Amino acid sequence: MKREETSVNLTQGNKIVLIGAGAVGSSYAYAVVNQGISDELVIVDANEKKATGDVLDLQDGIVYAPSSMKIRFGDFDECAEAAIVVICAGVAQKSGETRIDLVHRNIAVFEEIVSKIMDTGFNGIIIVATNPVDILAYATWKFSKLPKERILSSGTILDSARLRNILGREFQTAPTSIHAYIIGEHGDTQLPYWSAATLYGQKIALKLSDERKKAIGIEVRDAAYKIIDSKGATFYGIAMGLARITKAILRNEQVVLPVGALQSGENGHEDVFTGVPCLINRQGVEKVFTLDLDADEREKFDASVKALKDIQASIWSS
């Protein structure tokens, strides 16, 4: 049965509604205010007391922000006039609970959240940040019936930043001068896209041994575990990545970012969200790029996508 999509003109302006004011959500809100990305931010959270505290705290800093901004606590009705909704809400993993169990519980949460968003007449863009982002972005797309370009996730934007930071240290240069991506799942099956990694126009892969490239890939993959072991969760890095995506959309930047986007045959896969370089503008995901992978990268990328599709099958076939 063909999936019907809701297609209407996008909401204008730059109002952001943040759903979920946990560590990631509140850090994202701080990044938005601190960078002056929007002039209106509404925070929606079941814990009104905590979210209201965040609002008051952020309001205190507006005088030192790049521009003025209206910040307030609200409910789902605020989504009606939002240009972007960012979803950071979700349930935490319980002791003894499997990853699949957690996914099923978060799918149920997202079905309720997305239903409330769409009931307002929302016609903007949704960014998903809750893990597992690839699966929950797919669920958001299915539940919302929005066109694929208007649903995206943080994908591998954080993983790619970690790769660029490591390579920056490796070559003693600013990470902004490194052009490199992590692709695939935001998780254990991710992989560096070495074929396209460059520094001053030269291929980085040619400057590193196979052993060093493998070690860097593992370091990027396991970076979150080190942070979680130290402080319980990761939130500053991903919040900055989400702010970067938000700015690219609202300012129509036409910039390439490694976000989670629906694959529709571009890389040999369909009906799955995964992290690849995409062209981002005011319409959301303007273009999903086709990757020029070598044989090893192709094998690993296909395996990463298969891991995601296996999880999807366990959910939508049950």
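This is a predicted model: local features need pLDDT of at least 70, side-chain atom pairs count only at pLDDT 80 or more; totals for chains, interfaces and linings use all residues.

Trainee: In which loop is the place of Pro132?

Mentor: Residues are numbered from 1 along each chain as its sequence is written, and side-chain values use heavy atoms, with hydrogens and water left out. Helices (H or I, at least four residues) and strands (E, at least two) are DSSP runs numbered from the N terminus. On that basis, Pro132 is in the loop between β5 (125-128) and α4 (133-144).

Trainee: What is the relative accessible area of Asn252, which has a positive phi although it is not a glycine?

Mentor: Most residues other than glycine have a negative phi. Asn252, with phi of about 50°, lies in the loop between α8 (236-250) and β12 (255-264). Buried means under 20% relative accessible area, exposed over 50%, and partly exposed in between (1.4 Å probe, protein chains only). Asn252 is partly exposed, its relative accessible area being 42%.

Trainee: Where is the place of Gln254, and what is its phi?

Mentor: Gln254 is in the loop between α8 and β12 and counts as partly exposed, because its relative accessibility is 42%. Gln254 is not a glycine, yet its phi is positive, at about 55°.

Trainee: Which geometry does the aromatic pair of Tyr138 and Trp316 have?

Mentor: Rings of Phe, Tyr and Trp (its six-membered ring) pair if their centres lie within 6.5 Å; planes under 30 degrees apart count as stacked, over 60 as edge-to-face and the rest as tilted. The structure holds 4 aromatic pairs. For Tyr138 and Trp316, the centres are 5.1 Å apart and the planes stand at 80°, making the pair edge-to-face.

Trainee: Which helices does that pair link, and how many residues apart are its members?

Mentor: The pair links distant parts of the chain, with Tyr138 in helix α4 and Trp316 in helix α9 (residues 295-316). Tyr138 is buried at a relative accessible area of 5%, whereas Trp316 is partly exposed at 30%. The two residues lie 178 residues apart.

Trainee: Which residue has its charged end over the ring of Phe235, and at what distance from its centre?

Mentor: A charge sits over a ring if NZ of Lys or CZ of Arg is within 6 Å of the ring centre and within 35 degrees of the ring normal. Phe235 is buried, with a relative accessible area of 16%. The charged end over its ring belongs to Lys231, and the distance from the ring centre is 3.9 Å.

Trainee: With which residues is Ser153 in contact, leaving aside its neighbours within four places in sequence?

Mentor: Ser153 lies in strand β6 (residues 151-153) and counts as buried, because its relative accessibility is 0%. Contact means heavy atoms within 4.5 Å. Leaving aside neighbours within four places in sequence, the contacts of Ser153 are Val128, Val133, Ala137, Ile245, Val259 and Gly260.
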